[in-house]
Structures are given as C-alpha cells and as structure tokens.
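Keep the model open beside you and try each task before reading on.

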Amino acid sequence: MNTHSQYRSRVLPWVFLSPTLFILLVFLYYPAWQSIILSLFRSNLFLGTRQFIGLENFRNLLTGPLAPAYKQVFLQTLVFSVLVIVPGLLISLALASMTNSLGKHGKIYRILLIWPYALSPAVAGTIFSFMFNPDTGAVNTFLKQFGGLQPRWLDNPVLAFVLVVCGCIWKNLGYNIVFYLASLQNIPKANYEAAELDGAGVLRKFFRITLPLVSPVTYFLIFTNLTYTVFEAFALVDLMTMGGPMGPPPLDKAGLTTFLIYKVFQDGFGGSSNMGFAAAQSVILMIMVAAVTFLQFKYGDKKVHYGGE
Amino acid sequence: MKRLVTTLMFCVLTAAAFASGQSEETASADKQMTAENEVKEIQFWFAFGDAKRSGWIKDLAAEWNAANPGYRVVAEAKGSYRETLQAAVLASRQGVAPHLVHVFEVGTQLAADTGIFEPIGNVGKFDTSDYIEPVLNYYTIDGTVNSIPFNSSSPILYTNKDMMKKAGLDPDNPPETFEEILAACEQARAAGIDEAGLGFCLHGWYFEQWMAEQGAPIVNNGNGRDGRATETMLNSDAAMNIYEFIKELNDRGFYKYSGKFEDWDGSDAIFQEGKIMFHITSTADLGNISTAIGGRFEMGTGRLPIPADSRRNGVVIGGASVWLTKGHPMDEMEAARDFILFLTNTENMMDWHKMTGYYPVRKSSVDELEKEGWFADAPERTIAFTQLLETIPNQATAGGVMGTFGDTRTIVEEAIQKILNGGDVQAAADEARKLADLKLAEYNKNF
C-alpha cells in the first residue's frame with residue numbers, strides 16, 4: 001500500500017506537519033538537545049559558568065559518594081510506579097464498571113469520581129499536608145475519638161511512602177475512569193446477553209468479556225500512568241513530604257519519597273543549582289522514556305486485543 | 001494543486017495575523033518607552049507573597065513615588081527568595097535586570113558570586129552608622145557593605161504560660177539551656193501534662209543558630225569571611241552537642257514536629273493549638289502567632305536555649321537584605337539606593353516591626369519604640385532585642401557564608417531526621433560533613 005498516493009504533491013504533507021514540527025522543535029527537541037550538551041559541562045545557574053568536563057556528571061551519578069543516593073532514588077521510583085499503576089488501574093476499572101452498570105442513574109457517581117482530577121495538585125498537596133499533621137491534622141484528631149492511635153504520617157518511612165502512593169492514585173483516578181468508562185460503553189451489549197444465556201456469572205463476565213475488551217485502553221493507560229508517576233507526581237511530593245522522610249539503613253541515602261524528577265529539581269534548582277549534574281539526570285530519564293516508548297510501539301499491536309481483524 | 005494553494009494561503013494568513021498582533025504589541029511598548037523617558041522606572045523584586053507584607057512595601061513605594069516625581073518604583077513579588085534570586089540572575093543575563101533584589105541571608109555568597117550586583121557601599125556616600133551592628137555585619141564582606149538589611153529576625157523560645165503554671169514552673173523565667181528544657185519537660189510530665197515538650201520545625205536554620213551561640217563557625221576560613229570556604233564543620237564538637245540534644249529530646253518523647261522538612265506552618269500550628277509547651281521559631285512570627293492563638297492561652301517568650309556549658313555568643317541575623325544590580329545609569333542607581341534607605345528609615349522600620357515582629361534594623365527605631373513605651377506594652381517583644389543586642393560580634397555570630405548554603409541546610413536536615421529515626425549520631429554527622437564538603441568542592445570548581 002502506498003500511503004503517499006493520497007498527496008499529489010511532495011510538499012503538502014510537510015505543510016500539514018509544520019505546526020506540529022515547529023512546536024516539537026521549539027519545546028521538545030531543542031531543550032532536549034540543550035540538556036544533552038549541558039550534561040557534559042560543569043554549569044551553575046547562578047554563576048552562569050560552563051566548563052567542559054566530559055562524562056564526569058554521569059560518573060558522579062553512578063560511582064562515588066553521590067551514587068548511593070541516586071541508586072536509591074532510582075529504585076524508589078520503580079517501586080512507586082508499580083504501586084501507583086497496578087492498584088490505580090484496578091481500582092479505576094472496578095469503579096468504572098460499577099458506575100457503568102448503573103446506567104443513567106450512575107451519572108452523579110461518575111461526576112464525583114472524575115472530580116479529583118480537576119483539582120490542582122498544588123491545592124490537593126497543601127490540603128493533605130495539613131490533614132496529616134500528626135498533632136493538629138484532621139485525620140489524627142478524628143482517630144483520637146476512636147482509640148487514640150496517632151500515626152506519624154509524614155515521617156514514618158512506611159506511612160509517608162504509602163500516603164504519597166495513595167495520594168497519587170487518588171489524584172489520577174478520574175483520568176483513568178474517564179478512559180475506562182468510554183471503553184466500557186463501547187462494549188456491545190450482545191456479548192453480555194450471550195454470556196448470560198450461557199449462564200455466566202458477574203465475575204466470569206468481567207474476566208472473560210470486560211477485561212479483554214478494555215485491554216487496549218489498559219495498555220494505553222499503563223504508559224500514560226507511567227509518565228504521570230515519573231514526571232507529574234512532583235507537585236504532590238513537593239507539598240506533602242518535600243522528598244522526605246529519610247529511611248532506615250540501607251535506605252538512608254535519600255528521602256524515601258524523592259523520585260527521579262524531584263531529584264533533578266533538587267540538584268538543578270535547589271541548593272546551589274548544579275545544572276550540569278541535573279542535566280545528566282534528565283538525560284538518563286530521557287533515555288528511559290525513549291526505551292519505554294519504543295516498547296510501547298513494538299509490542300503494543302501484538303499483545304493487545306483491539307477487536308475486529 | 002488547488003488544495004496546496006488554499007493551504008499555503010491559510011498559512012500566510014495565519015502568519016500575517018501573528019505578525020500584525022506582534023507589531024501592535026511593539027507599538028504599544030514603544031509608546032510606553034516614550035512615556036518612561038520622562039519618569040524613570042526602578043524595578044524592585046521582593047519575595048513576600050502574603051498580602052500584609054507585600055501591601056506594606058507597595059504602599060511605601062507609592063508614597064516614595066509621590067515625593068520623587070522623576071522616578072517610579074515598581075515593586076513586584078517574584079515568588080520565594082530562591083526564585084527571586086534565580087529570576088534576577090536570568091533577567092540580568094538578558095540585560096533586563098531589576099534595580100533592586102530582595103535576597104535571603106544564606107544567599108549572600110551566592111548573590112555576591114553571581115557578579116550581577118554592585119555593592120551598595122560603592123554607590124555614592126551614605127550613612128550606615130544607624131543600622132544595628134550585628135545586622136549590618138552579616139551583609140558586610142571585606143569591609144564593604146554589600147546590601148541594605150531589610151527584614152531581620154532570629155529564633156526565640158515561645159512558651160505556653162498556662163501550661164508552665166500548671167506544671168509548677170515559673171512562667172516568667174523560661175528555661176535558657178538545653179538541660180533546663182529537658183528538666184522542665186520532665187517536671188511538666190510528672191505533673192501530668194501530656195503536652196510537655198519542645199517543638200520546632202526541622203530546619204537547618206536552628207542548627208546554624210546553635211553553632212553561632214556556641215561561638216563555633218559552620219565553615220572554615222573564618223566562617224567563609226576571610227576567604228572562600230572549602231570545608232564545613234558539620235561534625236565538630238559544637239555540632240555534636242546539637243545533634244545529641246535533639247536525639248535526647250526525641251528519645252524522651254519531648255520533641256514534636258509535623259514530620260515534613262522545613263514545615264514552619266505545621267510546627268506553628270502544633271504550638272498555636274496548645275499541643276506543646278515550648279516552641280522555637282522566628283521573632284518574625286510573633287505577630288502572626290499571637291493573632292492565631294487569640295485568647296486561648298497566654299504566650300510567653302524567652303531566649304533561644306543553648307547548651308549549659310557554652311558561653312552565650314548570640315544569634316546570627318536571619319532574614320534578608322536588598323541588593324542593587326550593576327549596569328544602570330548612575331542616577332537610577334542612586335534613586336534605587338535612596339528608595340531602599342527610605343524603606344528602612346526610622347519610622348518605617350518601627351511600623352514594620354509592629355506589624356510583623358521583624359527587628360527594626362535601625363538603632364534610632366529601637367530608641368523611638370522605647371520612648372513610645374512599646375516594650376512595656378508588648379513585653380514579649382523585648383527578648384528579641386535583648387538577644388540581638390547581647391550578641392558578641394565575632395566571626396561565628398556574623399554568620400557563615402558559602403555558595404552551597406542551601407545544599408548544606410538540606411544535608412543537615414536529612415542528618416537530623418536520620419537521628420530522629422534512630423540512626424547513629426556520629427555516622428549521620430560524618431556522612432553529612434562528607435556530602436556537604438563534596439558539594440562545596442564541586443561549587444568551588446566553578447571558579
């Protein structure tokens with residue numbers, strides 16, 4: 001099949017592409033290229049210095065006294081992503097199925113479920129940090145009425161991590177539910193009717209019909225959620241924990257909720273603003289994202305059932 | 001082909017629309033430029049986001065503008081201290097630096113190193129003898145006044161007097177040493193007060209203050225004032241005293257904070273809600289905290305507690321100063337300087353102090369306040385002055401300067417949290433020193 005046949009001119013496709021290319025060049029390719037260059041320099045934002053140091057920034061990330069912190073942050077980000085994505089998608093699908101099964105009566109639930117997504121992360125993070133203040137927060141004041149348990153939400157290593165995970169799941173729930181609802185509403189009713197005639201129960205229908213038919217959306221959501229956990233969890237972390245608390249050894253090299261993107265920020269814009277060091281980290285992040293995108297395109301078509309032939 | 005032509009025409013039209021929009025903008029900018037030839041604009045970027053403090057600055061700018069028709073001060077909030085300094089540096093590289101920039105005290109070395117500022121002491125002759133010495137000291141490097149002190153504060157002890165009375169403690173004689181704090185907490189606990197304890201947010205600033213109180217520098221080379229600092233003192237004996245005290249306090253269940261780094265509001269809330277007997281925070285919050293407490297309990301203040309076996313050297317001045325950027329015509333530089341001298345004049349500093357609790361940075365303001373009887377009316381305010389005026393001028397209390405002060409703070413906070421979570425004190429201190437030295441060495445390689 002020759003896709004070019006649709007355009008009689010060779011120029012026309014480029015004309016159509018030009019607005020997108022312009023945006024990509026200015027806002028993505030140029031900054032990305034600059035980051036790669038910057039990662040080879042010793043460069044300080046305040047001083048405006050630039051000394052070529054080759055791969056020293058990368059070496060400092062992987063070996064030497066600064067490496068353990070980076071390794072810990074790297075691992076934490078992976079664990080965090082899995083903990084946000086897997087339960088997040090399961091809960092979203094369950095909630096979407098439940099409200100969907102209500103038909104028209106489920107409208108109010110759907111609005112309530114999508115709502116948190118519209119809330120700015122800055123507002124949500126600030127509210128959380130007040131709610132979970134161990135001595136004056138609403139949560140512990142409430143718990144005091146029932147048994148007097150007063151958990152230290154923000155500096156207990158396990159609780160703080162779980163709190164950030166839950167906050168991120170909750171914040172992204174609306175986004176996932178919108179996609180799942182759209183997908184669920186596209187499943188033909190006939191499938192369910194046929195299954196019911198064959199005597200299939202609710203669970204069987206869910207696992208045999210719903211789950212396979214929403215798999216393309218699930219697949220899409222896994223990657224958008226990955227982007228969310230890697231890049232956008234920033235605001236919640238900054239406002240709820242500021243990257244803390246420090247973990248017990250051997251996890252005492254960095255704050256437990258310091259994730260890759262937060263560390264880029266801390267090194268590049270916090271403290272004395274070592275831009276070269278931060279750029280090296282963003283280059284590593286860029287390579288990871290490129291690898292994930294490559295996987296998405298490579299396996300996306302094969303493993304997922306899109307329906308039809 | 002027809003389609004191609006239509007598309008191209010569309011593109012041209014869009015481009016034309018953009019271009020015409022832009023030329024209109026430039027035209028209006030030009031108009032503004034001609035207007036500015038008559039009134040010269042002086043930009044002042046500051047770091048107060050709240051309505052109270054930024055409103056105060058803007059009101060005074062309007063007052064100054066009315067008195068100086070040739071110039072117009074435009075005062076603008078630019079985010080946090082860090083963001084303000086970053087914005088100023090970037091603007092300066094684009095050739096559009098604001099004349100005046102509000103820089104926090106730990107940014108002093110960093111600001112000096114950026115090379116975008118002119119030490120204000122070099123701009124004409126003006127009298128600095130009325131500025132309180134320890135304050136001016138902080139902003140004087142190699143004998144030149146770099147910037148004009150504006151909002152200055154130091155940490156003091158806040159007490160819940162009602163709770164102290166209940167515990168059988170003398171509310172008018174708050175504890176002055178680490179040991180007395182611990183003893184007072186034990187006594188209060190024995191008296192059945194669950195809220196016995198000391199709260200302060202987990203912030204490197206307190207560590208720096210406690211180093212100064214013990215007369216200990218935080219970095220080498222005369223606290224960074226004789227030459228560029230190359231090593232930190234994060235595991236010196238003085239530093240160990242501080243870590244050990246926090247550990248002791250925490251182990252006995254007397255330390256309270258929200259759990260988050262640098263959470264001023266979270267810690268203040270614990271004290272305001274009556275959940276803790278003692279609290280440490282900046283004098284600058286005196287106004288806000290007493291308002292927040294309302295009449296729920298009687299608040300008292302005291303000196304910052306220090307180790308019993310140490311001489312009380314005094315506090316390092318915290319807060320911020322206003323810097324002047326290079327490269328403007330001399331008359332604008334002088335106008336900018338005059339504005340900042342006006343902002344910090346005797347009456348304005350008195351007013352500023354009454355509103356916020358920051359020190360008035362002028363000796364004459366303190367004298368005037370005394371004459372007015374302000375300290376008799378607001379006795380809890382006196383301690384801040386006593387503490388500042390008692391400060392022995394030396395390199396420790398002048399405060400350390402280093403380009404990586406921000407990083408060092410974070411590292412200290414992380415070390416303290418490791419200790420709070422049960423980590424070994426010596427190991428945490430040594431690790432902190434190692435990391436902070438590394439950051440400092442990396443920074444110094446820029447020169």
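**Exercise 1. A loop in chain A**

In which loop of chain A does Met242(A) lie?

*Solution.* Before we start, note that this is a predicted model, where local features need pLDDT of at least 70, side-chain atom pairs count only at pLDDT 80 or more, and totals for chains, interfaces and linings use all residues. Residues are numbered from 1 along each chain as its sequence is written, while chains are lettered from A and ligands numbered from 1 in the order in which they are written.

Step 1: go to the loop between α11 and α12 of chain A, and there you'll find Met242(A). Helices here are DSSP runs of H or I with at least four residues, strands are runs of E with at least two, and both are numbered from the N terminus.

Step 2: check the backbone. Met242(A) isn't a glycine, yet it has a positive phi of about 50°. Most residues other than glycine have a negative phi, and most peptide bonds are trans.

Step 3: count neighbours. Met242(A) counts as buried because it has 23 C-beta neighbours inside 10 Å. The cut-offs go like this: buried takes 20 or more other C-beta atoms within 10 Å of the residue's own, exposed takes 12 or fewer, and partly exposed is in between, with C-beta atoms placed from the backbone.

**Exercise 2. Cis bonds and another positive phi**

Which residue does a cis peptide bond join to Gly244(A)?

*Solution.* Step 1: the partner is Pro245(A), and omega is about -5°. Pro245(A) sits in the loop between α11 (234–240) and α12 (260–269) of chain A.

Step 1: look for another cis bond. The peptide bond from Pro249(A) to Pro250(A) is cis too, with omega near 5°, and Pro250(A) is also in the loop between α11 and α12 of chain A.

Step 2: move on to Ser273(A), in the loop between α12 and α13 (275–303) of chain A. This non-glycine residue has a positive phi of about 60°. Ser273(A) counts as buried, because 25 C-beta neighbours lie inside 10 Å.

**Exercise 3. Chain A and its contact with chain B**

How many residues of chain A are in contact with chain B?

*Solution.* The C-alpha trace of chain A spans about 75 × 70 × 30 Å along its principal axes.

Step 1: turn to the contact. On chain A 33 residues take part, and they meet 39 residues of chain B. Two residues are in contact if their C-beta atoms, placed from the backbone, lie within 7 Å.

Step 2: sort by class. The side of chain A that touches chain B has 15 nonpolar, 13 polar and five charged residues. Here Ala, Val, Leu, Ile, Met, Phe, Trp, Tyr, Cys and Pro count as nonpolar, Asp, Glu, Lys and Arg as charged, and the others, Gly among them, as polar.

**Exercise 4. A helix in chain B**

Why do the buried residues of α14(B) line one face of the helix?

*Solution.* Step 1: list them. In α14 (residues 346–356) of chain B, the buried residues are Met349(B), Met350(B), Trp352(B), His353(B) and Thr356(B).

Step 1: look down the helix axis. The buried residues of α14(B) fall within an arc of 165°, so they line one face. That arc is taken over the directions from the helix axis to the C-beta atoms.

Step 2: check both sides. The buried residues of α14(B) pack against α2 (51–67), α12 (286–293) and α15 (363–372) of chain B, while the face turned away from them carries the exposed Glu347(B) and Met355(B).

Step 3: follow the chain onward. Just after α14(B) comes Gly357(B), with a positive phi of about 105°.

**Exercise 5. Strands in chain B**

In what order do the five strands of the open sheet in chain B run?

*Solution.* Step 1: the order is β10-β9-β11-β8-β12 (chain B), with mixed pairing. Two strands pair if DSSP finds at least two bridges between them.

Step 1: find the edges. They are β10 (255–256) and β12 (299–302) of chain B, each pairing on one side only.

Step 2: pick one pair. β8 (residues 155–160) of chain B and β12(B) are antiparallel over four bridges, and Asn160(B) stands opposite Met299(B).
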